[in-house]
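Hi,

Here is the structure I promised to pass on. Have a look at it first, then read my notes below.

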Amino acid sequence: MSINILWDQQAPRGIELPVARMIEMILGRETRLLEHPFLIDGYNRDRDQHDAQKILDRLQDTFTRRYSINGPLLLVTSRDLYVTGCDFVFGLARSASSVAVVSTARLGNEYYGRRPDDADLIDRTAKEGAHELGHLLGLGHCDNPECVMFRPRTLDELDRKRKMLCPACKEALDS
Ligand SMILES: [Zn+2]
Ligand SMILES: [Zn+2]
C-alpha cells in the first residue's frame, strides 16, 4: 500500500518530488503525491498558530472520504503548528486513523536567521515527514539520536538525525 502525501498549496513549491523520494528511501515504501485542495482548520488568533489536532480532524473526517484515500496520509503544510501544552510541534500523527501532518514553518534556515537553502529544507521535511509516517506504520519514538524516529526538540537535534531508520526501527517496520 503506497503512502499518500498531500502538499498544501501554500507549502514551499518545487521540493515536493525530492521530499517524496527521500521519504521513500527512508521508509522503503512507495509514495504518491496528491494535489487536491484542502482547507486548513484550527487557526488560533492569540497564538498565530494552527491547532494540529483540528487539521487532523478534517483530514480524517472529510478529506479521506471525499477522495477515497486508502493508506497512510501525510499533509505537508507551511502553517506553524501547536498542540495543547506545547509551544510548537514539527508535526503530529494519529495512528488510529492513519493521518499525519508536518509543518515546514520551522524547518527553513530563514526561520533561524540563517541563509535559506533548499537542500536543508528538503532534508528536514523528509526526515520529519518520514517520522510522522513511521508512527502511522506502527513505530514509536526511538532513543537513538541519529534515528528518524528520535523526537527532536530543537533544529540541531533534528539536523543530527540521519536520513534513515536505525537497525531496530527498520526491523520493527519490516516485521
Ligand atoms: Zn513522533
Ligand atoms: Zn530507531
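This is a predicted model: local features need pLDDT of at least 70, side-chain atom pairs count only at pLDDT 80 or more; totals for chains, interfaces and linings use all residues.

Helix 3 itself runs over residues 118-136, 19 residues in total. From first C-alpha to last, helix 3 reaches 27 Å, close to the 27 Å expected at 1.5 Å a residue. Is helix 3 mostly covered or mostly open? Mostly covered: 14 of its 19 residues are buried.

Now for the inside. The largest nonpolar core has 43 residues, and Ile23, Leu74, Ala100 and Val101 have the most contacts within it. Among the elements that each supply at least two residues of this core are helix 1, helix 2 (52-66), strand 5 (73-77), strand 8 (99-103) and helix 3. Which one gives the largest share? That is helix 1, with six residues.

Leaving out residues up to four places away in sequence, Ile23 touches Thr31, Ala126, Gly129, Ala130 and Leu133.

Then there's Glu24, which lies in helix 1 (residues 16-27). Why does Glu24 count as partly exposed? Because it has 16 other C-beta atoms within 10 Å, while a buried residue needs 20 or more and an exposed one has 12 or fewer. Ser78 is 54 residues from Glu24 in sequence, and their C-alpha atoms are 21 Å apart in space.

Cheers

How values were computed
Residues are numbered from 1 along each chain as its sequence is written. Chains are lettered from A and ligands numbered from 1 in the order in which they are written. Helices (H or I, at least four residues) and strands (E, at least two) are DSSP runs, numbered from the N terminus. The expected span of a helix is 1.5 Å times one less than its number of residues. A nonpolar core is a set of buried Ala, Val, Leu, Ile, Met, Phe, Trp, Tyr and Cys residues joined through C-beta atoms within 7 Å. Two residues are in contact if their C-beta atoms, placed from the backbone, lie within 7 Å.
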